Amino acid sequence: MNQTAPATDFPEDAEPQPRPPSRARAVLLRRLADVVCLPSSRVNAFERAMTADLLVEILREADPAERIRVAKRLSCLGEVPATLLQLLLRDHIEVAEPLLVECASLSDRDLIDCARMATLEHRRLIAIRRGVSEVVADALIEFEEPVVIECLLRNTQAKLSHGGVEAIVANSRGDGRLVPTLLKRPEVRPSQAYVLFWWADAEARRTILQRFAVSREVLQDAVGDIFSLAAEEGWQDPLARKALQFIERRQRNRAAIEKSPFDSLEDAVAAAQGGMSRETAEEISYLSGLKPMTGAKIFTDGGGEALAILCKATGLPRAAVRALWRGLRRPETDAEGVLTPALDRAITTYDMIAVDRAQTVLRYWNWSLSSAMTPSLLRAIREGDEDAVDEYSVPQRAAMLALSKELSR
């Protein structure tokens, strides 16, 4: 007659004893991983998928150390079953790291899924992988994480889309540390660099002016005969007029002299030296061929380089930089009589840049900061609607980035 074994009585406060590591599980995991790693000549796709399914079920409850061993085993494979990859890539960073660092066969879809479903450290490892594609980079940039974006920018084998660069430009407004690294990227276009200028430090501004302030001589030679043609038509085509205004050699607005209380731009600058009023600032803008919004951005910029660009582009003498500086009530010298760093940079910028290149910068600022300013764009800036950036043109996006702080007040 069978007798039921008496139940063991445990004290109420006793802790259950941990199970010893299962040798059978460890061997089973290794053998299943071996099967997944077999070449296609030894195992067909269905057998590999079935084995991967078994492996996934065990790994869900396995110890991290066991999952790490499997991840390392699979990292050298040319093809890893999707279900297995998804599980391991979304795991703790210690588990996912061997695959993210060593597995060259991860697809864009695998990396994007990992980026969106895992942690910042996962995204950082993706950002430093070889050959990061534009779509993967875009997915990483979406999270607006400075450490990830900086890794991506430093990765010379990563590719950035135009939209991705613009998103980083927008992010750099709140984190100036990204600007120097961003300016080293070959994908950065002049339109983006000219926007970066407004919140870049002195060194980055110098880089922007040296690298992106290009001559318009080729354009001027290519379209020189079109000016007379457009004049014959009475400048009726607004698109052609805007483009030709950007290209032409003359910067000053001669028509504005007739309406101005000043006899010349020099007279307006001389008047401003005693104290810059809003009316005088607007007159200087009109006489310089600028819209008041562009002039206001230049006059309120604390760096001084923008003032130098204005003076050089319009043919004003070097002394005009200091005259405008004085009119804006900015300190010219320190207690020892030495030029303040900002004024010194402004004068250095004036001496460094050629007239035509200064005009390129000034024209682009005017084009993007005022000509592109439509009522809908103005409303979008004030409402912070930067998610709709794709709806706008290049100069409109530049205006949205450069003026959002001023116009959202």
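Reply: The axes of helix α19 (residues 278–287) and helix α20 (residues 292–300) come within 8 Å and cross at roughly 115°, where helices are DSSP runs of H or I with at least four residues, numbered from the N terminus, and axes are lines fitted to C-alpha atoms over the stretch in contact, with angles from 0 to 180 degrees between N-to-C directions. Because of that angle, α19 counts as roughly perpendicular to α20 (65 to 115 degrees; under 35 is roughly parallel, over 145 roughly antiparallel, and the rest oblique). This is a predicted model, in which local features need pLDDT of at least 70 and side-chain atom pairs count only at pLDDT 80 or more, while totals for chains, interfaces and linings use all residues. Residues are numbered from 1 along each chain as its sequence is written, and side-chain values use heavy atoms, with hydrogens and water left out.

Sorted by class, the residues of the contact of α19 with α20 comprise five nonpolar, two polar and one charged, where Ala, Val, Leu, Ile, Met, Phe, Trp, Tyr, Cys and Pro count as nonpolar, Asp, Glu, Lys and Arg as charged, and the others, Gly among them, as polar.

Leaving aside residues up to four places away in sequence, Glu305 touches Phe197, Ala202, Arg205, Arg345, Ala346 and Thr349. With one of these, Arg345, the side chain of Glu305 makes a side-chain polar contact at 3.4 Å; such a contact is a pair of N or O atoms within 3.5 Å, where within protein one must be able to donate a hydrogen and the other to accept it, and residues adjacent in sequence count only if both atoms are side-chain atoms.

For comparison, His162 is found in helix α10 (residues 162–172) and counts as partly exposed, because its relative accessibility is 36%. The side chain of His162 makes a polar contact with the side chain of Gln192 (3.4 Å).

Methods. Contact = heavy atoms within 4.5 Å. Helix = DSSP H or I, 4+ residues; strand = E, 2+ residues; numbered from the N terminus. Buried < 20%, exposed > 50% of the residue type's maximum accessible area, 1.4 Å probe, protein only.
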